[in-house]
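User: Please take a close look at a single part of this model and describe how it is placed among its neighbours.

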Amino acid sequence: MGIPITADPVRVRADVRGTVQGVGFRPFVYRLAAELGLAGWVRNSPGGAAVEAEGPAPAVAEFLRLVCQDRPPRCHIASITHTPAAALGATQFEILPSDRDGPAAVSVPPDLTTCPACLRELFDPADRRFRYPFLNCTDCGPRFTILEAMPYDRSRTTMRHFPLCDRCRAEYEDPADRRFHAEPVACPACGPRLALWDPAGRDLAAGDDALRQTAEAIRAGRVVAVKGLGGFHLLCDARNEGAVAALRRRKAREEKPFAVMAPSLAWVNEQCGLSAEEVRLLTSPEAPIVLLRRRGTAGVAAGVAPGNPYLGVMLPYTPLHHLLLADLGFPVVATSGNRTDEPICTDPREALDRLGGIADVLLVHDRPIARPVDDSVVRVVLGREQVIRRARGYAPVPVPVGEPLPPVLAVGAYLKNAIAVATPGGVCLSQHLGDLETAAAAEAFARAVEDLPRFVGVRPVAAACDLHPDYQSTRYAGRCTMPAIRVQHHYAHVLACLADNGLRGPALGVAWDGTGLGTDGTAWGGEFLRVTDDGFERVAHLRPFRLPGGDRVAREPRRAALGVLYELFGPLALAHTHLPPIRAFEPAERRVLGAALANGVNAPVTSSAGRLFDAVAALVGLRQEATFEGQAAAELEWAAEAARSDEAYPFGQDGAAVDWGPAVLEVIEDVSKGVPAGEVAGRFHNTLVEMIVAVARGVGEPVVALTGGCFQNAYLLAGAVGRLTAAGFEPVCHQRVPPNDGGVALGQALAAGRQLRTESSPCA
Ligand code: ZN
Ligand code: ZN
Ligand code: FE
């Protein structure tokens with residue numbers, strides 16, 4: 001749109017959409033207008049931000065150009081539309097109070113790690129915020145975790161409990177100051193404070209004393225609960241075997257690896273030898289936990305990540321963490337303060353209840369946390385970021401989907417639940433909410449389904465959910481007044497993967513995971529789906545087998561192995577007592593399971609790739625019983641990685657069923673011959689890769705989307721990407737959206753949104 005060149009002042013109204021709140025956009029606009037000598041105003045609007053600028057035409061044009069070009073680093077402008085307005089003869093530029101009316105299409109700002117300028121102040125004895133654990137500015141600090149409603153203003157954050165002191169107010173109101181309109185601004189005089197409690201909630205110390213005593217307790221080998229940004233962590237000295245063992249015992253967490261907060265990037269580099277992308281992720285504003293390959297196992301106690309070639313590491317990301325780690329100078333275990341797969345605990349009183357039996361002392365503060373937000377977990381695969389748990393720093397930034405979707409709420413799956421809302425700016429995916437079987441996750445889910453649509457200013461017209469009728473999320477969708485649209489689990493996985501790569505169908509989706517209900521009523525999990533804009537076709541799947549013992553199978557790889565052997569040998573499977581999984585059962589157990597398999601009772605049919613991995617891990621003798629989900633499959637991956645075999649086993653294709661039978665027969669033979677487990681594991685992985693290539697050749701779609709929890713397996717993923725590329729295909733994998741069930745809600749929103757768009761009546 002051209003602006004007339006005249007000597008008279010012109011006035012332009014600009015409406016800006018995108019992530020513009022909580023990222024220093026208004027102060028930036030203010031300073032820009034001041035530099036160019038323009039009058040007018042800027043304010044947050046439910047739709048993003050609105051600006052009016054008045055002055056000489058060339059200056060206004062320059063202003064509009066620079067608003068886009070020089071925007072703050074964390075600001076993403078999705079669109080900016082400007083319209084001429086009548087000049088008012090204004091002489092001042094102002095930041096106006098937020099406009100609460102009008103259409104909403106806003107990105108909720110994510111939490112940002114402490115910026116370099118704030119860090120300098122934190123450790124500067126001459127600064128008035130020296131060692132103040134809650135300092136922040138327009139470039140950093142809490143956002144989503146303190147936000148109660150949009151638009152983003154202090155009065156709608158939990159910082160509303162802390163009236164600004166005169167000095168903070170002066171900074172907040174001074175356009176030249178870094179804290180100009182920094183909503184969570186605080187100082188020791190007016191802001192939140194620390195307190196140290198014993199497990200009964202009695203005060204032990206306050207302020208800097210509390211911090212120093214916390215460091216002392218960690219040094220002494222104690223377990224400490226620390227209230228952070230999105231919830232509580234449990235911390236202990238990561239080098240102290242006894243402290244780590246005590247934490248495991250009290251948390252009843254046997255072997256699942258703990259994450260570590262490192263004292264410095266140099267320490268991490270020494271332990272893990274970082275790639276450029278890994279450095280970028282560790283030091284990014286999102287500051288996630290990065291899964292890193294360890295050089296050795298020194299540096300931390302063996303109990304931190306037993307038998308695990310990877311270590312989950314993050315750097316301090318709040319002023320409180322920076323102070324603590326600087327005082328300590330060594331790595332600490334930093335695990336969510338809760339039971340596994342529950343969302344993180346946020347309230348100090350609740351923490352006494354839930355963590356009082358685990359922690360020796362609790363470091364708390366009085367800045368309320370608006371919602372639980374866990375640490376995100378990412379890794380680098382094939383040189384690129386792959387998010388495994390999407391939470392702090394990533395949520396609820398919208399995922400662009402390149403097509404208009406009606407306002408749909410997607411309630412996700414069951415494990416690793418996250419929900420999503422389709423907005424004009426993309427699909428907003430919530431933070432990781434946890435496994436819905438836990439009460440805390442169910443509560444976080446209930447809050448999120450109320451919270452997120454309101455936040456992004458969307459009134460949903462339908463609820464997308466899984467096909468599985470027994471998931472709490474599906475039941476919730478059924479209880480809603482709006483229509484429920486059921487979306488097949490693996491179809492949702494594939495759509496999520498494509499959207500994560502800026503693609504839509506047609507494509508071949510390879511969706512491999514533990515389990516998801518199929519359209520034929522059986523448990524799917526080793527699926528090849530041809531996906532188009534209109535839906536999907538199940539073009540192939542792994543050969544189905546029965547899982548004896550239902551729910552217990554996920555924790556007992558030997559049961560998956562028994563199911564696989566039963567599929568091949570029938571009742572004779574039970575006689576294979578020379579094989580580790582069969583040997584691992586008591587004779588009485590064998591009889592019960594044999595009867596279950598023979599009668600098909602409590603032995604559901606599945607095509608699950610995840611369970612096939614478990615079965616092979618058990619067959620090669622790696623693990624018969626797991627202490628956490630996916631443990632056996634991960635160990636099979638590590639064994640394969642160590643052996644690096646090029647060979648593959650034969651497999652068959654019987655109609656749509658891809659037959660692993662010939663491969664498993666050779667696995668059994670190799671095991672009997674004493675071939676090392678790693679070698680067998682490598683050949684088995686390579687076989688699965690060849691299966692994918694064979695099906696891709698048969699289907700002929702150029703794009704192949706690799707999705708589902710199994711593609712957290714880096715050996716499988718790298719193998720499939722390599723072989724597919726060599727065969728002329730265009731494989732795509734997950735990046736900013738998890739391959740596991742944490743990404744399912746995005747696919748549900750897309751499937752349901754498309755269905756609504758093409759239907760005349762929005763009823764499912
Ligand atoms: Zn800062
Ligand atoms: Zn203050
Ligand atoms: Fe899944």
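Analyst: Valine 290 has its bridge partner in strand S15, namely valine 378. This is a predicted model, in which local features need pLDDT of at least 70 and side-chain atom pairs count only at pLDDT 80 or more, while totals for chains, interfaces and linings use all residues. Residues are numbered from 1 along each chain as its sequence is written, chains are lettered from A and ligands numbered from 1 in the order in which they are written, and side-chain values use heavy atoms, without hydrogens and water.

Strand S15 covers residues 377-381 (strands are DSSP runs of E with at least two residues, numbered from the N terminus). On one side, S15 runs parallel to strand S11 (residues 289-293), with three bridges joining the two (strands pair if DSSP finds at least two bridges between them). S15 also pairs with strand S16 (residues 384-389), here in the antiparallel sense and over five bridges. Valine 378 takes part in this pairing too, with valine 387 of S16 as its bridge partner.

S15 and S16 make a hairpin, with two residues between the strands. In the turn, leucine 382 has a positive phi of about 55 degrees.

As for burial, five of the five residues of S15 are buried, so the strand is largely enclosed by the rest of the structure (buried means under 20% relative accessible area, with a 1.4 Å probe and protein chains only). Both faces are covered: one carries Val377, Arg379 and Val381, the other Val378 and Val380.

Key:
Buried < 20%, exposed > 50% of the residue type's maximum accessible area, 1.4 Å probe, protein only. Helix = DSSP H or I, 4+ residues; strand = E, 2+ residues; numbered from the N terminus.
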